Amino acid sequence: MFAIYKKELRSYFINAIGYVYVGVFLAAAALLCCYTTLVSNSYKTTSYFTMLIFSFIILIPLLTMKLFAEEKKLRTEQLLLTAPVSIWGMVMGKFLAASTLFVGTVLVSCINFFPMYSYANTERLADEYGTTHIGPVTGEIVACVVGIILIGLAFVAIGMFVSSLTENQLAAAVITVAIILVMLILDLLNQYINVYAIRFVISWFSVLSRFSNFTTGILDFSAILYYLSIAGVFLLLTVRVYDKRRWG
Amino acid sequence: MIKIDHLVKNYGANCAVDDISFEVQRGEIVGLLGPNGAGKSTTMNILTGYLSATSGSVSVAGLDVLDNPLEAKKHIGYLPEQPPLYLDMTVEEYLIFNYNLKGCKLNRTKHLEEICDIVKIRDVYKRVIKNLSKGYRQRVGIAQALIGSPEVIIFDEPTVGLDPKQIIEIRNLLRNLGKDHTVILSTHILQEVQAVCDRIVIINKGKIVADELTENITRAVENNRRFQVKICGPQKEVLQMLRSKPGIIYAEVLAQRDGDAYCYTIESEVGVDIRKTLFYTLAEKNWPLVGMEALGMSLEDIFIAIVDQSTSKNRYERRDTRAKTARGRSDVEQQVAKKVVESTGKKQGGEFSALFGNDDESEQ
């Protein structure tokens, strides 16, 4: 498993795709942060994180599209499947590699908050009374970072599952984009639905509605469990795809 | 070392492997031979745990591949039909990846160096696989299979697409590997198995049609009963004499002539050496014999004979004969020879590739 993990991580940076992903992610994060906080004179990070989640629509497929599709095309999956590695080992190795890159980039993008903190410091010095809290709420930011990492992991698992279904990377990418897009806009659709029951179900499934608790600094256990379950289910499905192919 | 027991694999309604059973002992080199689509690759894929079987069992080094895949796979080195190479890696990175993947415990640098020396890829060790020629890629694939020094090595058509020099090198390599590994090799080239293997298992349409020691088949080939003779004398009478002579089952005039001598092809009965009697008979009649040349019975003939027969007959008897091979080799020889006799009436000097062409067409 560790060998596959290392190989995948390495292959992100042999091909341009790893650099493209990191570059685009950091640039997008920096721009969004700039426009949602600094430019609009606000310490509130909610809209920054929400918009960042939407950027996953494009970014996550970049990470996941090649994971299995390429192996299938080059017939190298035969090597992995005949090596003394379990299917779970293979899937987890790949998942962890994509996750490492994803989580790493999210953590690096946290430097975006430094300007806010430094502004806050100067503002606090200028504030004579010091009665109100000035500056970003660290708890909120931490909760949000945890939240988007979990959402991202769920999406990585989905993208990986899609990649295991096809040998065409582009097809894998497009389908992943579509799935993530639908999962994210479910919440927006909800505003136009009048039937309570449907709204309830949709908001239960919605990725974004569960994120709202994180934006207020709450580490919502049910949401954490929900995101982890999505990841788990799709990892399991990926394993099943390979199991089934063996028996087919 | 390897035990395949009543293995069946269906792809939907299509039966790729139909009740195959055979065993391979430690240190044996076995060739799986058969036309395209005979089920060779499927058998190998099941053996390596890439595919599962519909029924039957496969065990390697005493470990069932389906029940205990991880342990069993540790004993296997596999080179699939298309070498599974990561084109963007260098040879070194690729081999190190495989070393880690297989959880190899041997000293890494030393082990990889040894392998590179065996397959002769030292000079491309630092190059990216994408830029290597087909022959080198194949060798890197072989190197991959050797990592961890597995007891069982399985090669699926290892010499396809190589130039003649490389083919010879790889055959030598395989023969050397056979000294301390158990090797299974699939191919549709008869010379290859003849050159490399101790035993030949012929598969056609998912069934084993023959399982013989290579030397038995080779002996049957060398045990010549077909000759081209050049005789000076009246063509018709000579032919009549040849055809009426006891011991000769077939005689025909060839268009070819050598001075005033006519050329004939003759074939004797099994176990009869007609050369001497033929000489005396001709001397008696005063027809000088100016040439006699043995016509090699090619492995192609044998293959065609066996494959032809297999389509109609039950093959179980043949499997039983294998058990006897150690004791009654002459039995086997005679059987093989008989098959050839039966077939040569129908097909002469059959071109091997043509057989496959026909075979494929008939399947469609």
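Visitor: In what order do the four strands of the open sheet in chain B stand, and is the pairing parallel or antiparallel?

Guide: This is a predicted model, and in it the four strands of chain B form an open sheet in the order 2-1-4-5, with antiparallel pairing. Strand 2 (14–24) and strand 5 (63–64) of chain B stand at the edges with a single partner strand each, so one side of each is left without a neighbour in the sheet.

Visitor: How many bridges pair strand 1 with strand 2 of chain B?

Guide: Strand 1 of chain B, residues 2–11, is joined to strand 2 of chain B by seven bridges in the antiparallel sense.

Visitor: How many bridges join strand 3 of chain B to strand 8 of chain B, and how many to strand 9 of chain B?

Guide: Strand 8 of chain B, residues 182–187, runs parallel to strand 3 of chain B and is joined to it by five bridges, with Ile184(B) as the bridge partner of Val30(B). Strand 9 of chain B, residues 199–204, also runs parallel to strand 3 of chain B and is joined to it by four bridges, and there Val201(B) stands opposite Leu32(B).

Visitor: What are the domains of chain B in the domain assignment?

Guide: The assignment gives domain 1 (2–220), domain 2 (225–294) and domain 3 (299–363). The centres of domain 1 and domain 2 of chain B, taken over C-alpha atoms, are separated by 47 Å. Chain B holds 14 helices and 14 strands, and buried residues account for 40% of its 364 residues.

Visitor: How many helices and strands does chain A have?

Guide: Chain A has 12 helices and zero strands, and its C-alpha trace spans about 70 × 50 × 30 Å along the principal axes. Of the 248 residues in chain A, 40% are buried. When contacts in chain A between residues at least 6 apart in sequence are considered, 76% join residues at least 24 apart.

Visitor: Where in chain A is Leu81(A) placed, and why does it count as buried?

Guide: Leu81(A) lies in helix 5 of chain A, and it counts as buried because it has 24 C-beta neighbours inside 10 Å.

Visitor: What do the buried residues of helix 1 of chain A pack against?

Guide: Helix 1 of chain A, residues 2–14, has 13 residues and reaches 18 Å from its first C-alpha to its last, close to the 18 Å expected at 1.5 Å a residue. Its buried residues include Ala3(A), Ile4(A), Tyr5(A) and Tyr12(A). The buried residues of this helix pack against helix 2 (17–38), helix 5 (77–82) and helix 6 (87–108) of chain A, together with helix 3 of chain B.

Visitor: How many residues of chain B are in contact with chain A, and which helix of chain B gives the most to that side?

Guide: There are 21 residues of chain B in contact with 19 residues of chain A. Helix 2 (69–73) and helix 3 (91–101) of chain B each supply at least two residues of the side of chain B that touches chain A, and helix 3 of chain B gives the most, with three residues. By class, that side of chain B has 11 nonpolar, six polar and four charged residues.

Visitor: Which elements of chain A have the lowest and the highest mean pLDDT?

Guide: The average pLDDT of chain A is 90, and 99% of the residues score at least 70. Among the elements of chain A, helix 10, residues 196–205, has the lowest mean pLDDT (83), and helix 6 of chain A has the highest (95).

Note on methods:
Residues numbered from 1 in each chain as written. Chains lettered and ligands numbered in written order. Predicted model: local features only at pLDDT ≥ 70, side-chain atom pairs only at ≥ 80, totals over all residues. Contact = placed C-beta atoms within 7 Å. Nonpolar A, V, L, I, M, F, W, Y, C, P; charged D, E, K, R; others polar. Pairing = 2+ DSSP bridges. Domains from an automatic or database assignment. Expected span 1.5 Å × (residues − 1). Buried ≥ 20, exposed ≤ 12 C-beta atoms within 10 Å, placed from the backbone. pLDDT = per-residue confidence, 0-100.
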